[in-house]
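Biologist: I have the sequence and the model open. Please show me how to read them, one feature at a time.

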Amino acid sequence: MGGRNGKEGVVEGFRVLTLLYRVSELPAGAFQRLVELFKTYRAVAALYFWSKRLNLEKGVELALERARQLPSYYRHAFDEESRVYQFSEIRKMKGPRKIVLKLPLVDALHPKCGAYIESNKLVVRLGGRERLELPLPERALKWLQEKEKEVAPLKVTKIVRIQWREDKPELLKVQIVLRVERLKPLTPDPKGALLVYADANSDYGIACVLALSDGAETKVLETPKLRPPNRGRRLRAAAKRQAAAAYGHKRGVNLALARRSTRFRAKGWVKAAAAQIFKKAFQIANGRSVIMNFDIPDTESIKDSYLQKTLLSLCKVSKNLANWFGVYATFECYPSTKCPFCGSELEMIYTRRTRIAYCRNCGFYDDRDFVPFYHWLKELGLPMPKWPLQRIELPEELRRKPLINS
Ligand SMILES: [Zn+2]
């Protein structure tokens with residue numbers, strides 16, 4: 001999703017509410033009608049997808065003709081002018097699974113269209129006079145209201161997406177997608193703005209620095225670090241399994257379990273972490289403008305790291321939140337191994353808790369995770385803060401060095 005209308009200087013942000021319904025609890029007749037709609041939609045969408053992809057004009061025409069079997073509000077999925085057009089990224093997609101099979105029925109819009117909210121239920125129109133009514137829990141309604149308030153006075157538009165798959169027949173997944181469109185935020189004056197630096201780090205998670213500067217002095221307010229939960233425990237469990245496998249105990253089973261413990265369900269954690277950063281920023285900013293930078297390493301440099309996908313998805317997630325809230329955010333990477341004061345290569349000294357970056361030339365030292373923040377300040381034309389940003393327990397070898405006195 002995003003920018004398919006390609007309007008200059010305009011950004012769009014999304015929030016998604018996902019609801020799961022047990023098929024056995026739905027009215028059987030209406031659900032049957034929905035399944036028929038899915039079947040028709042899938043056939044048309046598959047034909048449309050491949051014809052578009054292979055440049056078969058006749059196929060596209062045929063698909064559009066067949067789409068007439070669908071209620072009019074579902075046909076927007078094939079209308080290139082519509083904001084619910086589903087095939088705009090057709091050339092980039094590997095296969096049609098995502099839009100044709102996984103999200104078979106894509107519906108849009110507000111009242112009088114394919115679906116709408118009426119008091120505490122979501123009404124999905126199925127063509128003719130038929131409707132499927134889905135109860136909306138109190139919590140969901142509250143969430144929707146909160147999100148709408150977040151962007152007020154801007155208005156959100158809603159899109160409803162319904163997913164059902166034969167291989168998971170017992171559940172119906174319904175998503176309500178809120179979308180807001182706003183002018184791209186202008187660059188605020190870094191003097192007086194709340195500065196938020198989020199460094200996605202392959203070893204530690206996300207290290208943040210929140211600071212304020214009046215141009216004469218830069219004050220660091222907080223330096224929270226967000227770490228994925230229980231990594232140590234998961235890795236220890238995996239090591240045990242691997243050891244057992246090495247001794248030949250139930251090799252296959254133990255290896256599979258080891259893999260499962262090391263793998264990490266990243267998406268949920270990233271979303272929560274990103275939301276937390278924005279929440280904290282607004283709290284502290286207290287009405288001031290906010291400038292954020294997300295430092296997310298590129299694919300190559302973190303290819304083999306366990307957090308790889310997590311870190312890459314942070315980019316997408318935070319970009320979307322910035323658009324949603326209208327916050328000015330950049331996504332630049334700054335060096336963590338170069339001294340911000342004299343430009344020398346920094347040495348890394350590992351303690352049990354931190355990796356300390358140390359400059360043999362000028363004596364600067366700090367937690368390695370905070371080094372990029374200094375470079376960012378320089379780029380913004382702001383003075384350097386007092387360092388280290390946080391008290392660091394110095395290892396013996398550094399305490400003896402004469403140059404360190406901060
Ligand atoms: Zn230096």
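**Reading the model**

Modeller: Start with strand β8, residues 194-201, which is mostly covered: eight of its eight residues are buried. Helices (H or I, at least four residues) and strands (E, at least two) are DSSP runs, numbered from the N terminus. A residue is buried if 20 or more other C-beta atoms lie within 10 Å of its own, exposed if 12 or fewer, and partly exposed in between; C-beta atoms are placed from the backbone.

Biologist: What should I know about the source and the numbering?

Modeller: This is a predicted model, so local features need pLDDT of at least 70 and side-chain atom pairs count only at pLDDT 80 or more, while totals for chains, interfaces and linings use all residues. Residues are numbered from 1 along each chain as its sequence is written.

Biologist: Which residues of β8 point one way, and which the other way?

Modeller: In a regular strand the side chains alternate between the two faces of the sheet. In β8, Leu-194, Val-196, Ala-198 and Ala-200 point one way. Leu-195, Tyr-197, Asp-199 and Asn-201 point the other way, and all are buried.

Biologist: Which strands does β8 pair with?

Modeller: Two strands pair if DSSP finds at least two bridges between them. β8 pairs with β9 (residues 205-213) in the antiparallel sense, over eight bridges. There, Val-196 has Leu-210 as its bridge partner. β8 also pairs with β12 (residues 290-295), in the parallel sense, over six bridges. Asp-199 is bridged to Asp-295 of β12.

Biologist: What is Val-196 in contact with?

Modeller: Two residues are in contact if their C-beta atoms, placed from the backbone, lie within 7 Å. Leave aside neighbours within four places in sequence. Val-196 is then in contact with Cys-208, Leu-210, Ile-277, Ala-281, Val-290 and Met-292.

Biologist: How do I read a nonpolar core?

Modeller: A nonpolar core is a set of buried Ala, Val, Leu, Ile, Met, Phe, Trp, Tyr and Cys residues joined through C-beta atoms within 7 Å. The largest one here has 78 residues. Val-196, Ala-198, Cys-208 and Met-292 have the most contacts inside it. The largest share of this core, eight residues, comes from α1. Domain 1 (10-183) and domain 2 (194-227 + 265-399) both give residues to this core, so it lies between them. Those domain bounds come from an automatic or database domain assignment.

Biologist: Which residues of α1 are buried?

Modeller: An α-helix has 3.6 residues a turn, so residues three or four places apart point the same way. In α1, the buried residues are Leu-34, Leu-37, Tyr-41, Val-44, Ala-45, Leu-47, Tyr-48 and Phe-49.

Biologist: What span should α1 have?

Modeller: The expected span of a helix is 1.5 Å times one less than its number of residues. The 26 residues of α1 should span 38 Å, and its end C-alpha atoms are 37 Å apart, which agrees.

Biologist: Which backbone angles deserve a second look?

Modeller: Most residues other than glycine have a negative phi, and most peptide bonds are trans. Just after α1, Asn-55 takes a positive phi of about 55°. Asn-55 sits in the loop between α1 (28-53) and α2 (57-66). Asn-55 is exposed, with 8 other C-beta atoms within 10 Å. Ser-119 has a positive phi too, near 40°. Ser-119 lies in the loop between β3 (115-118) and β4 (121-125). Ser-119 is exposed, with 7 other C-beta atoms within 10 Å.

Biologist: Where are the cis peptide bonds?

Modeller: One runs from Ala-152 to Pro-153, with omega near 5°. Pro-153 is in the loop between α4 (138-151) and β6 (157-163). Another joins Trp-387 and Pro-388, with omega about -5°. Pro-388 is in the loop between α9 (371-380) and α10 (396-399).

Biologist: Is β6 enclosed or open?

Modeller: Five of the seven residues of β6 are buried, so β6 is largely enclosed by the rest of the structure. Seven bridges join β6 to β7 (residues 171-183), and the two run antiparallel. Thr-157 has Arg-179 of β7 as its bridge partner.
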